[in-house]
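User: Please take a close look at one part of this model, a sheet and a strand with its surroundings, and describe it in a connected way.

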Amino acid sequence: LSVLGEAAHWAVCEPDAISLFPGQDGTALVLVRPPVTPDVPYGPVAFAIRVASNEDPLGSVVEEGILEIAPLSLVTADMSPRTGRARGMRASRHRVAVDNRGNAPATVEFVGCDDADTVNVQVRPRELEVPPGSAGIAQVRVRARHRFWRGPAVTHRFQVITHPLGGNPVRSDGTLLQEAVLPNWLP
């Protein structure tokens, strides 16, 4: 027993040989395990199973079928730099890189937030389509809501949540180090 066609690389017959006497039937299982890579297109894929007889080569047969490969988008997101510095009310700039390791395009939406409501997080573009096997980049701008004139730097934590349509959200954490408007060395 052998698998033919494009699916031959990721399909196997178990067992791959059956010994039968005349008039007997046998059953084999065909296991199809397509790899999770952008190289495997989604949609219909033709395949065939060849049953070749060692004793009667003319009695060999080929049965054809179609596999339906489901679209799959595997999205990861990473922010860089994770820590930004800003003086007063200025903004720090970050990037969120979105990788799609699936076989279908992924549409993702971005939401910027912080738990303490001390910063304003803007992500551009708000929505991004990433082709399979590719990466997309969104720009993130983080600004503190209030300024302070003197004192030690204040740390604000924020998140950018990447929501792939039909997938699990991916959270990227970042930090804004806000410095006072007037530097400490100024008398």
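Analyst: In this predicted model, strands β6 and β8 (residues 91-100) pair in the antiparallel sense over 6 bridges, and within β8 it is R95 that stands opposite S80. This pairing belongs to an open sheet of 4 strands, whose order is β6-β8-β12-β10 and whose pairing is antiparallel. The edge strands of that sheet are β6 (75-80) and β10 (119-124), each of which pairs on one side only. Ignoring direction, neighbouring strands of the sheet are turned by 25° against each other on average.

Turning to strand β13, which covers residues 154-164 and includes V154, we also find H156 there. H156 counts as buried because its relative accessibility is 10%, which falls under the 20% cut-off. Setting aside neighbours within four places in sequence, the contacts of H156 are T118, V119, A144, G174, T175, L176 and Q178. With Q178, the side chain of H156 makes a polar contact of 2.8 Å with the side chain of its partner.

V154, by contrast, counts as partly exposed because its relative accessibility is 32%, a value that lies between the 20% and 50% limits. Not counting residues up to four places away in sequence, V154 touches F148, L176, L177 and Q178. Although V154 and Q178 are 24 residues apart in sequence, their C-alpha atoms are 5.1 Å apart in space.

Conventions
Residues numbered from 1 in each chain as written. Predicted model: local features only at pLDDT ≥ 70, side-chain atom pairs only at ≥ 80, totals over all residues. Heavy atoms only, no water. Pairing = 2+ DSSP bridges. Helix = DSSP H or I, 4+ residues; strand = E, 2+ residues; numbered from the N terminus. Axes fitted to C-alpha atoms, helices over the stretch in contact; angles between N-to-C directions. Buried < 20%, exposed > 50% of the residue type's maximum accessible area, 1.4 Å probe, protein only. Contact = heavy atoms within 4.5 Å. Polar contact = N/O pair within 3.5 Å; in protein donor to acceptor, adjacent residues only side chain to side chain.
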